[in-house]
Amino acid sequence: MDQEGRRDSAPIHLLVQSDPEGLADLQARLLSLCTQAGLDDMAAFKLTSAIVEALNNCIEHAYGGETGHPIDLIWTKNPGEVAIEIRDQGHPMPDLAADASPMPGSDAESGRGWHIIREWTDSVSYTRETQENVLTLTHRLP
Amino acid sequence: MNLEHRTQDGVDIIKLPERLMMADAADARATLKEIIEQGSGKLVLNLTDTSFMDSSGLAVLVSGLQAARKRDGDVLLVGMSNTVRALFELTRLHTVFQIFDDEPGALRAFG
């Protein structure tokens with residue numbers, strides 16, 4: 001959105017279920033959206049990775065691994081950036097803040113997702129709105 | 001999950017799929033564990049076809065590496081794309097795994 005609140009195009013809503021099986025198809029769609037937004041292959045891979053990690057977190061933590069719950073992904077291309085809003089109705093993060101824990105040790109099997117999200121986006125914000133968790137990621141466009 | 005698997009010179013060579021994500025992580029982990037337990041513990045994972053991997057996929061490889069090293073083996077990676085390599089570099093796992101351009105190079109490293 002520019003200073004006058006304009007968007008480049010209408011937001012794209014992708015309603016997905018909390019099902020890991022569905023993320024493979026969604027990953028391809030996200031990669032395509034990144035490319036259409038003007039990102040090169042590397043930048044598209046990085047942003048897609050960050051979004052997939054955020055969706056993994058919804059499934060694994062907000063919904064505790066239960067399938068069949070809704071996750072709403074809203075992709076908005078604004079002048080100079082894309083914004084990705086991810087909404088779920090699961091458990092909130094305990095401290096209502098995007099996890100700032102450091103990268104785990106090299107032998108750790110988990111804990112890398114948040115690091116990928118933070119490093120491969122330009123901003124991360126997390127809020128709780130009524131019964132929904134709202135994670136918003138932004139990424140500058142070339 | 002069916003992973004393409006063959007053995008050469010006592011080394012298990014496994015081709016990873018196009019995507020290694022949360023949905024496939026449990027199966028892939030179990031398959032690798034079985035191959036490591038039944039083989040020499042020396043593995044080459046070929047990522048030539050792998051265009052996308054998430055943190056669940058990384059966890060599968062770390063799990064395999066730990067299992068292999070318990071058997072005095074190792075897990076060597078080959079054929080990594082620039083994008084997947086960026087993921088390894090971000091997560092510092094490029095310092096944990098030995099990464100080779102191709103299978104012959106990895107097999108030579110196993111001696």
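This is a predicted model: local features need pLDDT of at least 70, side-chain atom pairs count only at pLDDT 80 or more; totals for chains, interfaces and linings use all residues.

**Entry 1: where the chains meet**

I began with the contact between the chains, and I found 23 residues from chain A and 23 residues from chain B in it. I counted two residues as touching if their C-beta atoms, placed from the backbone, lie within 7 Å. On the side of chain A that touches chain B, the elements giving two or more residues are helix 1 (20–36), helix 2 and helix 3 (113–119) of chain A. Helix 2 of chain A gives the most to that side, with 8 residues. By class, the side of chain A that touches chain B has 8 nonpolar, 7 polar and 8 charged residues. For the classes, Ala, Val, Leu, Ile, Met, Phe, Trp, Tyr, Cys and Pro count as nonpolar, Asp, Glu, Lys and Arg as charged, and the others, Gly among them, as polar.

**Entry 2: what I am looking at**

Residues are numbered from 1 along each chain as its sequence is written, while chains are lettered from A and ligands numbered from 1 in the order in which they are written. The predictor gives the complex an ipTM of 0.94 and a pTM of 0.93. Chain B averages a pLDDT (the predictor's confidence in each residue, from 0 to 100) of 96, and 100% of the residues score at least 70.

**Entry 3: chain A as a whole**

I found 3 helices and 5 strands in chain A, in the order β-α-α-β-β-α-β-β along the sequence. Helices (H or I, at least four residues) and strands (E, at least two) are DSSP runs, numbered from the N terminus. The C-alpha trace of chain A spans about 40 × 35 × 30 Å along its principal axes. Of the contacts in chain A with a separation of 6 or more, 68% are between residues 24 or more positions apart.

Next I followed helix 2 of chain A, residues 41–62. How many of its 22 residues are buried? I got 17, so helix 2 of chain A is mostly covered, where buried means 20 or more other C-beta atoms within 10 Å of a residue's own, exposed means 12 or fewer, and partly exposed is in between, with C-beta atoms placed from the backbone. Just after helix 2 of chain A, A:Gly64 takes a positive phi of about 60°.

The largest nonpolar core has 65 residues, and A:Ile51, A:Ala54, A:Leu55 and B:Leu45 touch the most other members. Helix 2 of chain A supplies the largest share of this core, 11 residues. Such a core is a set of buried Ala, Val, Leu, Ile, Met, Phe, Trp, Tyr and Cys residues joined through C-beta atoms within 7 Å. Leaving out residues up to four places away in sequence, A:Ala54 touches A:Ile86, A:Ile117, A:Leu135 and A:Leu137.

**Entry 4: two single residues**

A:Arg118 sits in helix 3 of chain A. Is A:Arg118 buried or partly exposed? I have it as partly exposed, because 18 other C-beta atoms lie within 10 Å.

A:Gly38 lies in the loop between helix 1 and helix 2 of chain A. A:Gly38 counts as exposed because it has 12 C-beta neighbours inside 10 Å. Not counting residues up to four places away in sequence, A:Gly38 touches A:Leu141 and A:Pro142.

Terms used: The expected span of a helix is 1.5 Å times one less than its number of residues.
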